[in-house]
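The following paragraphs go through one protein model, starting with its open space and ending at its surface.

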Amino acid sequence: MCLIIGPTGVGKTLLLKRLQNFHSVKEIDKLGEIPSTIPTVGTNLVNVPTGKKQETVIREVGGCMCPIWNSYLKDLTALIFVIDISNTVQIAASCIQFLTVLNNTAVQYTPILLLLNKSDQPLALSRFEVESLMRIDDIRQNTKHQITILEISAFNGKGLTEVIDWVHQASTKS
């Protein structure tokens, strides 16, 4: 099972809906209308196609459930943490939540994907700025975690192929 978490309003539900209906890089222009979403209260389970006749189950846990995220960290094949890089006020809180998750021994050997979502927004910070603010270099030096970082936009489809490839690789390693 792959888990996707992050603060409220970062785009986890839209990302999952996009991944569920996305099958190749050739289809980015055919993503269609933006699906409607509401904040997740509780959890969602979504089957995401990751290859020919292959699917990975991704569980989304709502941002409002942050106090009990630790309950969902056991027996994961992969962990995806999403932040909104256009919301500068929320980045510090996102960093604290991310560090809290990293400190949980249940994810000690779990591959982690940090998604910098909403890169299409006019006020979005650059990847360099976010990595500096979150002190990603220090985190990488002081942890055994394998952390991959991708800059994406669930809105326009940027990075969806890379996310699916990462989920596929993480799921097949377990």
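On a 1 Å grid over the protein atoms alone, a pocket is an open set of points where a 1.4 Å probe fits, with protein on both sides within 12 Å along at least five of seven lines; lining residues have an atom within 4 Å of a point. The model is predicted: local features need pLDDT of at least 70 and side-chain atom pairs count only at pLDDT 80 or more, while totals for chains, interfaces and linings use all residues. Numbering runs from 1 along each chain as its sequence is written, and side-chain values use heavy atoms, with hydrogens and water left out.

The largest pocket has a volume of about 210 Å³, the space filled by probe spheres set on grid points joined across faces, edges and corners. Its lining has 15 residues, with G9, T13, I38, P39 and T40 nearest the centre. Helix 1 gives the most to this lining, 3 residues.

Helices (H or I, at least four residues) and strands (E, at least two) are DSSP runs numbered from the N terminus. T13 is one of the buried residues of helix 1. These buried residues pack against elements including strand 1, strand 5 (112-117) and helix 5 (160-173), where contact means heavy atoms within 4.5 Å.

I149 lies in strand 6 (147-151) and counts as buried because its relative accessibility is 5%. I149 touches residues including L114 and L116. M1, in the segment before strand 1 (2-5), counts as partly exposed because its relative accessibility is 35%.

Terms used
Buried means under 20% relative accessible area, exposed over 50%, partly exposed in between (1.4 Å probe, protein chains only). Lists of a residue's contacts leave out its neighbours within four places in sequence.
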